[in-house]
Amino acid sequence: MDTFEGVSESAEGGVGVGEVRNNVVDSDPSNNNNAVVTQIGQLLLSKSDGAILTRSSKFDPMKFRELLVMAIIMHDLPFQFVEYAGIRQLFNYVCADIKLVSRNTAKADVLSLYNREKAKLKEILGSVPGRVCLTSDLWTSITTDGYLCLTVHFIDVNWKLQKRILNFSFMPPPHTGVALCEKIYRLLTDWGVEKKLFSMTLDNASSNDTFVELLKGQLNLKDALLMNGKFFHIRCCAHILNLIVQDGLKHIDDSVGKIRESIKYVRGSQGRKQKFLNCAAQVSLECKRGLRQDVPTRWNSTFLMIDSALYYQRAFLHLQLSDSNYKHSLSQDEWVKLEKLSKFLKVFYDVTCLFSGTKYPTANLYFPQVFVVEDTLRKAKVDSDSFMKSMATQMMEKFDKYWKEYSLILAIAVILDPRYKIQFVEFCYKRLYGYNSEEMTKVRDMLFSLFDLYFWIYSSYESVSGTSSASNGARPHVDDMVSKECLDVMKEFDNFESEEFTTSAQKTQLQLYLDEPKIDRKTKLNVLDFWKVNQFRYPELSILARDLLSIPISTVASESAFSVGGRVLDQYRSALKPENVEALVCTRDWIFGEENCTLAPNLEELTEDISKMEINATNSAGGSNTVTVGGQS
């Protein structure tokens with residue numbers, strides 16, 4: 001009979017083998033050998049997802065340290081985690097010979113991994129076919145330390161939209177335009193991307209305007225920006241929408257306030273909640289839909305609150321009749337007003353959700369969505385209800401402050417979406433300004449100027465590249481072996497132009513693209529896939545499309561990093577050095593991305609669902625009821 005030391009069963013059902021010891025020997029040596037070989041063979045095989053895998057029989061301490069570092073980064077664990085007594089006992093149980101590391105060693109391992117991953121990302125950025133775009137935002141930690149998040153966006157060689165956090169860097173005050181310019185320029189030169197920039201998306205902080213102008217000046221000294229940075233600064237569209245809607249909501253605070261107080265009243269105790277559920281049942285309402293409490297500083301959560309309250313409108317009306325203590329009831333006119341407001345705000349909510357995406361291009365969404373917003377505001381300004389007129393007028397003033405003139409570069413981006421092309425821009429400007437629109441002329445002129453610039457840059461680059469490759473000892477082509485007489489005939493052919501094909505031959509890639517019929521607008525088209533397929537038909541135009549479609553129109557990507565930063569730098573680890581914070585946040589983004597990382601909480605998480613409220617009652621004398629939402633007190 002044989003016994004094995006160091007045998008452990010894996011989560012997948014596999015087994016790891018340590019040392020084999022023959023304590024009992026069979027009288028027949030051949031039987032012993034066969035039995036040992038059979039059992040070792042069985043133990044060295046594990047099954048994972050239906051596949052047979054071989055396992056190493058030896059514990060790898062370096063692999064263990066690598067996995068330990070990965071766990072610390074993935075789960076926001078403190079470095080001291082490796083010194084917890086319970087964790088050390090667990091590791092010692094798994095492998096008695098394990099050499100446990102200290103927190104300083106774990107910290108050094110994280111920094112080492114960060115430096116390796118940073119080098120890999122530098123290589124990726126150096127191989128990006130086109131230009132890259134940036135987003136940036138500032139954040140203050142629980143210890144009032146300032147941090148700057150710089151995120152890069154680009155379309156890779158496979159035409160996939162990518163984003164990476166470049167830096168999560170300590171930014172001490174003052175946060176002036178000059179200080180921001182010095183900081184970000186230093187970070188860009190460290191990454192070596194200062195000559196590959198196309199645009200930078202920022203919120204509307206006043207210091208950002210100064211900062212962008214200073215940064216543009218520095219980059220233009222190196223001739224690093226196209227058209228001297230004419231399109232470098234992009235304002236965060238989600239932030240502008242927030243400012244527009246917040247101005248409008250100031251005019252309906254009373255009715256919204258009543259909804260907020262009504263929801264607070266219902267969730268005040270188990271008895272009130274049960275009474276409300278009874279009211280909903282009596283008016284034949286299913287209670288599967290959440291009734292949400294908003295976050296007043298986020299208008300989009302206020303919209304979700306209003307929308308959910310409208311669903312339970314009849315339940316609130318019934319509660320008004322059955323509960324004399326309910327003092328925040330709304331009149332019928334106020335409910336009508338809220339219903340109209342909800343339909344109105346839904347337009348802005350949907351647009352905000354679209355603008356905040358990070359997994360698909362948003363530059364081509366700007367023009368049609370901003371046009372829909374302006375069209376909605378114009379209609380509301382002539383509404384029969386005075387409150388809608390007043391609200392829309394205030395919102396229109398804020399709209400005109402930022403979007404009276406549409407972004408030229410983002411108007412061009414929608415033209416490079418084959419479902420819209422230039423016809424959509426013409427349609428919108430016709431609706432807004434009439435037939436003879438100067439704005440349309442500006443867009444058309446800029447589109448052709450930008451294409452001419454790209455054609456000049458990249459066709460010259462290709463011709464230089466072609467010359468160099470031909471002179472580097474490449475094998476001669478068969479055309480190089482023909483006679484002089486044949487070459488003379490071919491030159492005559494080169495100068496020959498058939499009248500039938502002259503017109504089409506003179507058309508540029510841009511003209512050919514615009515002349516082709518649009519793809520059906522209802523088609524669920526991945527615009528990047530379109531350009532991937534057509535990049536050889538339109539070589540220079542596809543490069544322009546690649547750069548334009550990589551422009552992010554919101555700073556959500558940079559803002560989302562702050563929720564990770566808030567967990568890394570919580571009240572228990574507020575003494576972490578800035579370089580360690582940056583290593584943890586950036587490495588997590590580079591290795592795990594969004595799929596395995598919870599970044600910014602979505603709106604469903606920001607609003608509390610009172611239908612999930614639980615009551616924990618204490619049975620002790622004088623005990624009180626504690627209301628918890630979502631099972632957390």
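How many helices and strands are there in the protein chain? There are 25 helices and 15 strands, where helices (H or I, at least four residues) and strands (E, at least two) are DSSP runs numbered from the N terminus. This is a predicted model, so local features need pLDDT of at least 70 and side-chain atom pairs count only at pLDDT 80 or more, while totals for chains, interfaces and linings use all residues. Residues are numbered from 1 along each chain as its sequence is written, and side-chain values use heavy atoms, with hydrogens and water left out.

**Confidence and overall make-up**

- Mean pLDDT (the predictor's confidence in each residue, from 0 to 100) comes out at 79 for the protein chain, with 74% of its residues at 70 or more.
- Residues 35-50 fall below 50 in pLDDT, and this stretch has 27 contacts in the model beyond near neighbours in sequence; contact means heavy atoms within 4.5 Å.
- Residues 613-633 are also below 50, with 31 contacts beyond near neighbours in sequence.
- Where pLDDT is low, the predicted coordinates should not be read in detail.
- The protein chain has 633 residues, and 44% of them count as buried; the cut-offs are under 20% relative accessible area for buried, over 50% for exposed and partly exposed in between (1.4 Å probe, protein chains only).
- Of the contacts in the protein chain with a separation of 6 or more, 70% come from residues 24 or more positions apart.

- Helix α12 covers residues 332-355, which is 24 residues, and spans 35 Å from its first C-alpha to its last. That is close to the 34 Å expected at 1.5 Å a residue, the expected span being 1.5 Å times one less than the number of residues.
- A kink of about 30° in α12 is centred on L345; the bend at a residue is the angle between axes fitted to the seven residues ending there and the seven starting there.
- The buried residues of α12 include W335, L338, L341, F344, L345, F348 and F355.
- The largest nonpolar core has 105 residues, a nonpolar core being a set of buried Ala, Val, Leu, Ile, Met, Phe, Trp, Tyr and Cys residues joined through side-chain atoms within 4.5 Å.
- F316, L341, F344, F348, F367, W403 and W531 have the most contacts inside that core.
- Setting aside residues up to four places away in sequence, W403 touches C237, I240, L241, I244, F355, Y366 and V370.
- Apart from this core lies another one of 60 residues, among them F64, I72, L188 and F232.

**Strand β7 and its partners**

- Strand β7 (residues 132-140) is mostly covered, with seven of its nine residues buried.
- On one pairing, β7 runs parallel to β10 (residues 197-202) over four bridges; two strands pair if DSSP finds at least two bridges between them. C133 has S199 as its bridge partner in β10.
- β7 is also joined to β8 (residues 146-155), antiparallel, by eight bridges. Here T135 has T151 in β8 as its bridge partner.
- L134 lies in β7 and counts as buried because its relative accessible area is 0%.
- L134 and A557 sit 423 residues apart in sequence, yet their C-alphas are 9.8 Å apart in space.

- A cis peptide bond, with omega about 5°, joins P173 and P174. P174 is in the loop between β9 (161-170) and α5 (177-191).
- S284 has a positive phi, near 60°, in a residue other than glycine. S284 lies in the loop between α9 (270-282) and β12 (292-293), and S284 counts as exposed because its relative accessible area is 65%.
- K421 has a positive phi too, near 55°. K421 lies in helix α16 (residues 421-433) and counts as buried because its relative accessibility is 1%.
- I519 is in the loop between α20 (509-515) and α21 (527-534), and counts as partly exposed because its relative accessibility is 26%.
- Beyond neighbours within four places in sequence, I519 is in contact with P418, R419, L525 and F530. I519 and D417 are 102 residues apart in sequence and 9.1 Å apart, C-alpha to C-alpha.
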